[in-house]
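Hello,

Here is the structure to go with the sequence. My notes on it follow below.

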Amino acid sequence: MSFLQTFQVFPSIPEPLSFLQVLARNLWWCWHLDAIELFRRISPRLWENSGRNPIVFLTLIPQKQLEELSKDESFLAHQQRVEEHFVDDLTPEDPSESPYGKEGIIGYFSMEFGIHESVPLFAGGLGVLAGDHLKAASDLTLPLIGVGLLYRYGYFHQFLDHEGWQQEEYPETNLFHLPVKRAKDRSGNEVIISVTGPEGEILASVWKIMVGRIPLILLDTNLPENSPEIREITSRLYAGSPKARLAQEVLLGIGGMRALEALGIYPTVCHMNEGHCAFVTLERLARTISTYNVNIETAKEIVSRTTVFTTHTPVAAGHDEFSVDLVKPYLISFADRLGISVDEILSWGQPMESGADSSLSMFVLGVQMSQYCNGVSELHGKVARRMWSHVWPGRPEDEVPITHITNGIHIPSWISVENSLLFERYLGPDWYLDMGNPEIAKRIDDIYDEELWRSREMSRSRLIRHCRVLMIKQYRRRNAPKAMMKDAESVLEQDILTIAFARRFATYKRANLLLKDPERFEAIIASKTRPVQFIFAGKAHPKDNEGKELIKRLVQFARRAKVRHRIAFLEDYDISIARHLVQGADVWLNTPRRPFEACGTSGIKAAANGVLNVSILDGWWCEGYAEERGWRIGDEEEYTDTAYQDTVESQALYNVLENDVIPCFYERKNGEAPDRWLKMMKESMKMAMLQFCARIMVKKYETKFYLPAAKCFARLTADNAKEAVILSAQYKRLSILWGKIRIEHPVRKAEGPFWVGERFEVTAIVNLGELRPDEVKMELYYGALKTVDSISESHSQEMTVKEIHGEGEYLYSCTITCSNSGRYGFTVRAMPSGDDQIRFAPGLITWA
């Protein structure tokens, strides 16, 4: 039937319990264990049956029980404690005291947000990182607002057939079960925005979820006014076809900015979490032109200096590119609003000299429009600089303007109940507000070993119970025989070494590394004296048959008679399963093909709970590894022959398990807890708290990017954008005249060889054409030779004008001090004077 009108009936909550409804509709509860326990204590069984969703949960509680709870003094006292904490946390800050100013706000755009399993707006690590970012921003009272899409079916649910082959299903999300409400403008009207697409207007309703004090704005095209094709835009996360994917990204960027504007919100800083969001910059440009009455060149100076771009993908194929023909229809209206041609807009997303017909790269568009660009670990920053160096032709790889801020995790969201209680007792009740403080973290050493080991055993037991429940459900869904169902009830053991491998089943993550030598792997598991059990979880992309084959091979191996009680594959990996694994496993295993792991935050979540990492040196583990807190597989090698790499590193993995990890776990004196293991657990927890928590990560984004960008916005938009107009004129002048610069080969004033401590002068004749010396920065570029034509560990030193020859010609000079022995090389280069946005502009660099 086409014209049904729907309505929802909710329970009648007694007045003394009215706060429960308030709490259920703000995701603040999901990272405060006392708030979670407030719901759970009402009925642990119903809490689990509801999927830990308080809105659904409250509809399942009998009215009689609600009436009884409204008179339960113990429950009401607990509720009051949670309410006081809630009100204290969410009391608005005085905007006049904000370093961002009264109107300053950061717009944080992301394709997915993984906040809690009951809100299915995520696929994996990118979304969970975005969710942790919002939670940490709330804890830090940042003036930030999230923007994303409201998916009707979200990402797929996974189940396996009898052979172990992955199947996918897309159950529809019931909006009445989400803590969403329609967003309203300042006049109280529900907001609907539109974006012009190839088939006409795309209409989207605007919804809002509160994540603590942070609003998350979500766009939804499932409106009767839209055609069936347009309604499908927000149907599934990461739509399959390029056409549908492009429509999603246009809606997220352009529609997201329009939604904020309709709500009376005008971000001073925009943070794009991956290239999916890059169309944000087009709408910002158009708005800047209309608001400040400036031209496109001036608008670009403002927008680029107030935009942050984070890339998470170290594989070139993982970055979206769209054909010119697909993109053009969306840009026609912008040509008028920006006052330039569609081809010029397209060129912003095309590398220099790539041709007018080359695809539009969302990465290139994002990075060209952002002064602040970062990878998500130190190694990933290096990989990204190498991968995208062609965007800045002539620029040395180590100077490509992509820095890094290593991801962090929101520890209160991932810490086990047992560890949280230990932290409250030994670190203080507000430990989570002071992470990064060495004085707080070192109190972890004061935790009694017996208490920490008891916490570990309780978390492991809870994981094993949860695995058994899930395995029984899986077998029941497959109509498995009674014997298999009975087996599932006793799968895994509660007191043996438990190793978890849980991540996306992409081939480069190498879940099959353990299967390189099946007999050796079986021997490790089936040991009589030092047994080991493995828990696997993860999804393969629906179109990734190689990834699905990895899952199938694991499942079939797990059916071997000697190991079938000690291996479990958990279907439909999500935040709930992840939480049980990172809290309950003893070891977190990670085997990516270096350097393809951008960060790998699941290992950090495990570390925060005292789970020890065994990992390839990739992503965050390059920064986190030390022998007193975990193990590495191999060294920092990178191979061109992947088959050889897999053979070498599988042997290294078996060796580290057999010779190091397993003996350490079972190293017990008189049956007591393993001393060395417990010391490593404490070191692991301290590391996560001091180096890799989301609070520290977001503070780094604030100090390095948000605050400088916000100050820049205020400066550039003051006095009718006077400074921005000057900058645009400067850039235009440099672009026109830069090609006339000529640099002769530099000359050193002494032949050498030289000894440490000696100095020598280097000069170069430079013709700047019509440019002035104050507009150009001449530098001596030098360092130890890597090859005959490349330098490692480069250094630069500014040169000064020594002589003026006339007609644009100058003699520049500087002096080098020989500080270390070795073979060195040097040359001279010209770069623009000014801030980083001008200095690193593609094409504005000339070498001798």
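**Notes on the model**

At 1% relative accessibility, R510 counts as buried (buried means under 20% relative accessible area, exposed over 50%, partly exposed in between, with a 1.4 Å probe and protein chains only). This is a predicted model, in which local features need pLDDT of at least 70 and side-chain atom pairs count only at pLDDT 80 or more, while totals for chains, interfaces and linings use all residues. Residues are numbered from 1 along each chain as its sequence is written, and side-chain values use heavy atoms, with hydrogens and water left out.

Loops: R510 lies between β15 (497-502) and α21 (518-525), where helices (H or I, at least four residues) and strands (E, at least two) are DSSP runs numbered from the N terminus. Its phi is positive, near 55°, in a residue other than glycine. R52 also has a phi near 55°, and it is not a glycine. R52 sits in the loop between α3 (44-49) and α4 (54-60) and is buried, with a relative accessible area of 15%.

Helices: α9 (residues 242-262) has 21 residues and spans 29 Å from first C-alpha to last, close to the expected 30 Å (1.5 Å times one less than the number of residues). A kink of about 35° is centred on G255; the bend at a residue is the angle between axes fitted to the seven residues ending there and the seven starting there. Because 16 of its 21 residues are buried, α9 is largely enclosed by the rest of the structure. G264, with a positive phi near 75°, follows α9. In helix α11 (residues 296-304) is T298, which is buried at 2% relative accessible area. The T298 side chain makes a polar contact with the side chain of S728 (3.1 Å); such a contact is a pair of N or O atoms within 3.5 Å, and within protein one must be able to donate a hydrogen and the other to accept it, with residues adjacent in sequence counting only if both atoms are side-chain atoms.

Cavities: on a 1 Å grid over the protein atoms alone, a cavity is a set of points where a 1.4 Å probe fits but cannot get out, and lining residues have an atom within 4 Å of a point. The whole structure has 3 cavities of 30 Å³ or more. The lining of the largest cavity includes E249, H276 and D320.

Regards

Notes. On a 1 Å grid over the protein atoms alone, a cavity is a set of points where a 1.4 Å probe fits but cannot get out, and a pocket is an open set with protein on both sides within 12 Å along at least five of seven lines; lining residues have an atom within 4 Å of a point. Grid points are joined across faces, edges and corners, and a volume is the space filled by probe spheres set on the points.
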